[in-house]
Amino acid sequence: MSGAGDARFMALALGLGARGQGAVWPNPAVGCVIVNAGRVVGRGWTAPGGRPHAEPQALARAGAAARGATAYVSLEPCAHHGATPPCAEALIAAGVARVVTALEDPDARVAGRGHAMLRAAGVAVTTGVLAAEAARAHRGFLLARTEGRPALTLKLASSFDGRIATATGDSQWITGPEARRMVHALRARHDAVMVGGGTARADDPMLTVRGLGVARQPLRVVCSRRLDLPLGGQLAQSAAAPPLWLCHGPDAATGRREAWAAAGARLIEVRPGPDRQLDPRAILAALGAAGLTRVFCEGGGAFAASLLNAGLVDELVGFTAGLALGAEGRPSLGAMGIDALSEAPRFRLIETRDAGGDVLHRWERAGP
């Protein structure tokens with residue numbers, strides 16, 4: 001198979017893997033394509049909940065046609081016995097002649113062992129095909145294994161001049177219905193939707209995916225140091241389902257902890273930072289330890305600024321509307337204490353598109 005052919009089928013595997021995003025944590029959202037004589041004979045992707053893995057599903061669909069075929073997998077096949085046998089063993093047993101992967105799995109239980117197992121069995125192995133694209137697709141899983149935290153996407157919806165409301169607080173709606181529908185689609189591709197306590201107090205949001213008929217809702221995460229959130233609101237009334245996790249500080253009152261626990265929320269105590277607010281790194285470390293790989297943050301302004309200042313935002317998603325609210329409007333970000341442009345976090349543009357009259361723009365963190 002030519003390099004162009006390998007890239008074509010790996011792109012298909014990455015597209016299949018994306019179907020699992022938001023539904024497979026703590027596992028990676030892997031895609032697999034089985035190709036024999038230039039024809040796709042099997043396809044698979046990680047199932048909801050993380051199992052079955054992509055490879056055995058693709059092999060099952062390929063059946064006998066897998067013998068002598070090439071398997072394209074967006075991440076190194078696993079090599080350890082867990083809840084299921086190793087995928088590398090399944091590929092060998094099926095008689096696959098060649099395996100093409102995008103990345104080595106940094107999980108200590110794999111870390112090259114899957115590739116080595118295949119080679120030892122006489123299977124030809126090619127690695128690094130569409131590695132950059134795969135690193136972006138698997139960013140959350142890779143960060144969870146290498147840094148102990150999930151990938152963080154920060155969404156900001158604002159007027160052309162960066163405002164989220166008028167001076168009186170009027171904000172319904174700055175962006176249009178198509179942009180809001182896109183936000184729900186983005187929520188569905190993440191393990192959790194997260195906001196700060198100020199947003200939860202002001203808006204009492206449900207933080208759910210609506211209008212798309214998803215089978216599995218993302219977790220909801222609210223970060224509130226004192227847990228001073230409205231116990232009579234819809235968040236409290238729905239705390240048990242979808243699951244609501246509350247990150248709080250050690251100074252949260254016992255009564256509030258007990259009330260939220262009784263409502264069905266999971267409480268996660270997080271250390272404060274030097275400013276006495278919740279330490280953003282500690283928040284993401286706690287979420288990573290709980291298994292999350294992809295978190296979608298929707299503000300508020302002060303919370304978003306703290307995440308940016310801490311260098312934790314991996315992707316920025318902006319929705320910009322064609323209206324201006326002026327200096328008296330409420331800014332989309334809180335104060336960041338930046339005196340020089342060289343101190344500002346930098347991002348590089350990866351996508352722009354029309355969003356029903358608004359503009360969607362996506363940016364990823366520029367290197368160090």
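Pockets, sheets and helices of a predicted model

Q: Which residues lie nearest the centre of the largest pocket?
A: The lining of the largest pocket comprises 32 residues. By class, this lining divides into twelve nonpolar, twelve polar and eight charged residues. Those nearest the centre are K155, S171, Q172, W173 and D203.

Q: Which helices and strands each supply at least two residues of the lining of the largest pocket?
A: Both kinds of element take part in the lining of the largest pocket. The helices are α7 (177-188) and α8 (197-203). The strands are β6 (151-158) and β7 (163-165).

Q: Which residues that line the largest cavity are the closest to its centre?
A: The structure holds one cavity of 30 Å³ or more, and the largest cavity has a volume of about 80 Å³. It is lined by 13 residues, which divide into five nonpolar, six polar and two charged. The closest to the centre are P28, A29, A137, T293 and R294.

Q: Which are the edge strands of the sheet of nine strands?
A: The nine strands form an open sheet with mixed pairing, in the order β11-β10-β9-β8-β12-β6-β13-β16-β15. Neighbouring strands of this sheet are turned by 20 degrees against each other on average, direction ignored. An edge strand pairs on one side only, and here the edge strands are β11 (266-269) and β15 (347-355).

Q: In β16, which residue is the bridge partner of L316?
A: Strand β13 (residues 315-320) and strand β16 (residues 358-365) are joined by six bridges in the antiparallel sense. Along this pairing, E315 stands opposite E364 of β16. The partner of L316 in β16 is W363.

Q: In β13, which residue is the bridge partner of L156?
A: The strand β13 also pairs with β6, over six bridges. Here the sense of the pairing is parallel. Within β13, L156 has as its bridge partner G318.

Q: Why is β13 largely enclosed by the rest of the structure?
A: From β13, E315, V317 and F319 point one way, whereas L316, G318 and T320 point the other way. Each of these residues is buried, that is, under 20% relative accessible area. The strand is largely enclosed because the number of its six residues that are buried is six.

Q: At what angle does helix α6 run to β6?
A: Helix α6 (residues 139-146) packs on the sheet. It touches β6, β12 (294-297), β13 and β16. Its direction makes with that of β6 an angle of about 130 degrees.

Q: Which residues of α6 are buried?
A: The helix α6 is mostly covered, with six of its eight residues buried. The buried residues pack against α5 (131-137), β6, β12, β13 and β16. After α6 comes G148, with a positive phi near 75 degrees. The buried residues themselves are R139, G140, F141, L142, L143 and A144.

Q: To which strand does α7 run at about 130 degrees?
A: The helix α7, which also supplies residues to the lining of the largest pocket, lies across several strands. These are β6, β8 (192-196), β12, β13, β15 and β16. The angle of about 130 degrees is formed with β15.

Q: Which residue with a positive phi follows α12?
A: Helix α12 (residues 301-309) has as its buried residues G301, F303, A304, A305, L307 and L308. Beyond this helix, a residue has a positive phi, near 70 degrees. That residue is G311.

Q: What is the average twist from one strand to the next in the sheet of five strands?
A: This open sheet has the order β2-β1-β3-β4-β5, and its pairing is mixed. Its edge strands, each pairing on one side only, are β2 (39-45) and β5 (124-126). From one strand to the next, the twist averages 15 degrees.

Q: Which residue in β5 stands opposite V99?
A: Strand β4 (residues 98-101) and β5 run parallel. They are joined by three bridges. Opposite V99 stands V125.

Q: What angle does the direction of helix α2 make with that of β2?
A: Helix α2 (residues 54-62) packs on the sheet of five strands. The strands it touches are β1 (31-36), β2 and β3 (70-73). With the direction of β2, the direction of α2 makes about 145 degrees.

How values were computed:
Residues are numbered from 1 along each chain as its sequence is written. This is a predicted model: local features need pLDDT of at least 70, side-chain atom pairs count only at pLDDT 80 or more; totals for chains, interfaces and linings use all residues. Side-chain values use heavy atoms; hydrogens and water are left out. On a 1 Å grid over the protein atoms alone, a cavity is a set of points where a 1.4 Å probe fits but cannot get out, and a pocket is an open set with protein on both sides within 12 Å along at least five of seven lines; lining residues have an atom within 4 Å of a point. Grid points are joined across faces, edges and corners, and a volume is the space filled by probe spheres set on the points. Ala, Val, Leu, Ile, Met, Phe, Trp, Tyr, Cys and Pro count as nonpolar, Asp, Glu, Lys and Arg as charged, and the others, Gly among them, as polar. Helices (H or I, at least four residues) and strands (E, at least two) are DSSP runs, numbered from the N terminus. Two strands pair if DSSP finds at least two bridges between them. Axes are lines fitted to C-alpha atoms, for helices over the stretch in contact, and angles run from 0 to 180 degrees between N-to-C directions. Contact means heavy atoms within 4.5 Å. Buried means under 20% relative accessible area, exposed over 50%, partly exposed in between (1.4 Å probe, protein chains only).
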